[in-house]
Amino acid sequence: MVRAPHAPQAFDRADLPPDAGLYVELALDAAEQERLRAVAPGPVWFAEPDSGSIDDARVLAESHIALGNPRPDWVEKAPQLRWLQLASVGVDRYVGFDWPALGQRLTVTNLGGLFADPVAETCLAGILALYRGVDVLAGLRTRETWSKLDVRPGLRLLGGASVLILGKGSIALRLAELLAPFGCSVAHFARGDGDIRTRQQLDARLPEFDIVVGLLPDTAGTADLIDRRRIDGLRPGAVFVNAGRGTLADEDALVAALASGRLGGAVLDVTREEPLPAGHPLWSCPNVILTQHTAGGSRDETERVIDLFADNWQRLAGGEPLHNVVRWSQGY
């Protein structure tokens, strides 16, 4: 498992009572609940996700540790809560808090690195589906239509394609590894250590790439990064992939570029509005694969979340820094 860098937490095991209570807000089966009971020495409370139960709110307020994504107003009003292990990479629900003050008592960790393999594989699968016409052929099958002579001339090879990955986190690095056997040339847009580090450089080099992949968090610096001007600056026939945050791209401009045929396709795991409402142009826009924010999923997803939590618990017990501590000054 790829791990995101850790940072010193604001507390250690000595700050917690021996029987620290654990609040869990995940959909778990009986065996998964037993695994968590074996990890935690104190009482464990299992809440239904998004239930809004008064009892759940009361128990969270009395707990020292939580696993899941509880309601933000509950978290802010939980005076004993010292560590929140989110069941997500994204921290959007909690960014509005006064973290310079709240962070003095509450440490938040996310699932950074947990979804590197599944998200990278979904990006690759979507790109290959567009390049090899799988999306078109799947639609033809449902209509019982044989169109070999129409489909075959438009098929493309991924080998040797030039790819720009926006971001250089664990998912971005894993995707670069998956693209390597295809002989793709890969560049990264990242402020600190990317091949492209500034927006000016991005503007100058965007037309070079056959594929542009968005894997950035939702911050003030990334919102609307791929605006109408940059979409218009993409190479004709380029494929755009977004598996980061829906706020990255101007969807109206993207739809227009796809509908006109100037772009070669899009693979979208995230959209500005989720669920995507009925009648939205992306449902019917040509050459679009919508993966409905499933890219991070896998059959063993919950098991791996528990593994990460248990590992962090052991690190806490051993006085080691926790993995994936959220840096609120950076927004992720």
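Residues are numbered from 1 along each chain as its sequence is written. In this predicted model local features need pLDDT of at least 70 and side-chain atom pairs count only at pLDDT 80 or more, whereas totals for chains, interfaces and linings use all residues, and side-chain values use heavy atoms, with hydrogens and water left out.

Helix 13 covers residues 301-317, where helices (H or I, at least four residues) and strands (E, at least two) are DSSP runs numbered from the N terminus. Among the buried residues of helix 13 are Phe 309 and Trp 313, buried meaning under 20% relative accessible area (exposed is over 50%, partly exposed in between; 1.4 Å probe, protein chains only). Just after this helix, Gly 319 takes a positive phi of about 75°.

Phe 309 is also one of the residues that touch the most other members of the largest nonpolar core, which has 53 residues; such a core is a set of buried Ala, Val, Leu, Ile, Met, Phe, Trp, Tyr and Cys residues joined through side-chain atoms within 4.5 Å. The largest share of this core, 9 residues, comes from helix 5.

The structure holds 0 disulfides, a disulfide being a pair of cysteine sulfur atoms within 2.5 Å.

| Cysteine | Nearest cysteine sulfur | Relative accessible area |
|---|---|---|
| Cys 123 | Cys 184, 13 Å | 1% |
| Cys 184 | Cys 123, 13 Å | 11% |

Technical notes:
The expected span of a helix is 1.5 Å times one less than its number of residues.
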